[in-house]
Amino acid sequence: MKGVQGRRRLLLRLLIAPLAAIALAALAVLSAGAPGAHAATDLTTVAEALRESPVYVDPAASDQLSSADAEALADKIEDADEPIFVAVLPADQPTANLFQNLRTETGVTGLYAIRLGDRFDARADSSVLSQQAVSNLVSAVQGAGDPKAQLNDFVDDALRSNPGGTAPSSWSDGGGDTGVDAGALAAAGAVVAAGGVGAYALVRRNRRRKEEERREALAKLAVVVDEDITAFGEELDRLDFHPAEAGADDVMRADYERALDAYEKAKSLMAAATRPEEVRSVTQTLEDGRFSLTQLAARRQGLPLPERRAPCFFDPRHGPSVADVLWTPGVGTEREVPVCAADRARLADGRDPMIREVDTVSGGRRPYWDAGPAYGPWAGGYYGGALLPGLLVGTMLGSMMATPSYAAMYGSGYGDFGAASGYGGGDVSGGDFNSDDFSGGFGGGDYGGGGGFGGGGDFSGGF
């Protein structure tokens, strides 16, 4: 479907090109500058175009990259489902704060590459690629004189770098029938399909690899979550409560009803889950249900209602925690963790807590925080927000969640975990992003300033 949409866009651009040329000629006549002078392109225009397609070629820079080549490059990026943005702008486009301003206008997390005349540079959100990785990618293609070769090589190298995030959904939004002649579509398709077979194969491999990893992660999580759901169901079965019993009131019945609803909802959510990050809502629902049972127990015994606390860190099936205690894993730093009454007693006696172990890739069983990245969403539902990073600091899972590619594979929003705390590519952040990721001088991948293109007035404010 993307290929058809891409060919339609190509034909539309070919049809619009003559009108654009006429408009540019009119602007040139009206311009007060010297013959051939060009008014700087408004970055809002560039950003609007990039939200619809990953490649933008300014009309005044159309000699740099043809419409067919631009469309083929855009199709490659879209097929890879990676947040890579490419803009080809005139050589005299002002460079002051160029990347930062374009990122602000676009409002989408990603890797941004810009070619100005024969100059080239790129920047990225740290959740997508590290600054060093981007610098290396730029350096690798800096000597390429041909714009088509340079941009394709850059995109191919970037895809092999396994960037974090996914493409904006607006790239794949389908439109209605444009009424383009089928023969014309076929002719345009022949142009688009003429090159890049190897690069397309790479894109397909990257996509298949990601999807296979997600399927394997979901299969692992399904086993663990089924154990959690079963354990909660057994708690409900053991519960000595009947809505019509003596002393039961509407508030108690509401607690009981919420617990039952949580059990059914968790089963439904897990049955419908297709991606690892969707498991987070399942474990969050189970925790809501367990807290309802804790409230019900307090009401029946005439005790003060408990505060809402995270579940026991060592095994969420132990129920809500009763205290925070200092604990040090086998390898790692001491941290304060929420514990249930039974584990608090074990630790006080110098014994080991009852730790939840799960299957690892190698086939053995390890504590969930040392079993691999797939358990991030599972833990996120139980301990999400600001709590999780402190609990997992120094563990295998905590280290993995701090990598740029984690949010792309397993979702984001688990707290201050670097990549996982920001935006996995394709998310709209508007102007709320780290401007340091887009600072530095334009050209040559030099993030310190200038990039070898002079220190004239075009460069300001860290650019």
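Author: Contact here means heavy atoms within 4.5 Å. Please keep in mind that the model is predicted.

Reader: Noted. With that cut-off, which residues does Val337 touch, apart from those up to four places away in sequence?

Author: Val337 touches Phe313, Phe314, Ala323, Asp324, Val325, Trp327 and Leu391, if residues up to four places away in sequence are not counted.

Reader: Where is Val337 placed, and is it buried or exposed?

Author: Val337 sits in strand β6, which covers residues 335-339. Its relative accessible area is 0%, so Val337 is buried, the cut-off for that class being under 20%.

Reader: Let me step back. How many helices and strands does the chain have?

Author: The secondary structure comes to 15 helices and eight strands. The chain has 463 residues, and buried residues make up 46% of them.

Reader: And what share of the contacts join residues at least 24 apart?

Author: That share is 67%, taken among contacts between residues at least 6 apart in sequence.

Reader: On to the helices. How many residues of α3 are buried?

Author: In α3, 11 of the 14 residues are buried, so this helix is largely enclosed by the rest of the structure. The buried residues include the charged Glu71, Asp75, Lys76, Glu78 and Asp79. Ala68, Ala70, Leu73, Ala74, Ile77 and Ala80 are also among the buried residues of α3.

Reader: What span should α3 have, and how far apart are its end C-alpha atoms?

Author: Helix α3 covers residues 67-80, and at 1.5 Å a residue its 14 residues should span 20 Å. The end C-alpha atoms are 20 Å apart, which agrees.

Reader: Which residue follows α3?

Author: Asp81 follows α3. Its phi is near 60°, a positive value in a residue other than glycine.

Reader: Where does Asp81 lie, and what is its relative accessible area?

Author: Asp81 lies in the loop between α3 and β2, the strand at 84-89. With a relative accessible area of 31%, Asp81 is partly exposed.

Reader: What about Asn97: what is its phi?

Author: Phi of Asn97 is near 55°, again a positive value in a residue other than glycine. Asn97 belongs to the loop between β2 and α4, and its relative accessible area of 22% makes it partly exposed.

Reader: Now helix packing. At what angle do α2 and α4 pack?

Author: Helix α2, residues 43-52, packs against α4 at an angle of about 55°, and their axes are 8 Å apart. That makes α2 oblique to α4. The crossing of the two helices is right-handed.

Reader: Which residues of α2 and α4 meet?

Author: From α2, Leu43, Thr44, Val46, Ala47, Leu50 and Arg51 meet Leu98, Asn101, Leu102, Glu105 and Thr106 of α4. By class, this contact has six nonpolar, three polar and two charged residues.

Reader: Take Asn101 from that list. Which residues is it in contact with, leaving aside neighbours within four places in sequence?

Author: Asn101 is in contact with Leu43 and Ala96 on that basis. Asn101 and Leu43 are 58 residues apart along the chain, and their C-alpha atoms are separated by 7.5 Å. Asn101 is partly exposed, at a relative accessible area of 32%.

Reader: How do α5 and α6 cross?

Author: The axes of α5, residues 131-141, and α6, residues 147-160, come within 9 Å and cross at roughly 145°. This crossing is right-handed. Leu137, Val138, Ala140 and Val141 in α5 meet Gln150, Asp153, Phe154, Asp157 and Ala158 in α6. The classes there are six nonpolar, one polar and two charged residues.

How values were computed
Residues are numbered from 1 along each chain as its sequence is written. This is a predicted model: local features need pLDDT of at least 70, side-chain atom pairs count only at pLDDT 80 or more; totals for chains, interfaces and linings use all residues. Side-chain values use heavy atoms; hydrogens and water are left out. Helices (H or I, at least four residues) and strands (E, at least two) are DSSP runs, numbered from the N terminus. The expected span of a helix is 1.5 Å times one less than its number of residues. Buried means under 20% relative accessible area, exposed over 50%, partly exposed in between (1.4 Å probe, protein chains only). Axes are lines fitted to C-alpha atoms, for helices over the stretch in contact, and angles run from 0 to 180 degrees between N-to-C directions. A crossing is left-handed if the near helix is turned anticlockwise from the far one by less than a right angle, and right-handed if clockwise. Angles under 35 degrees count as roughly parallel, over 145 as roughly antiparallel, 65 to 115 as roughly perpendicular and the rest as oblique.
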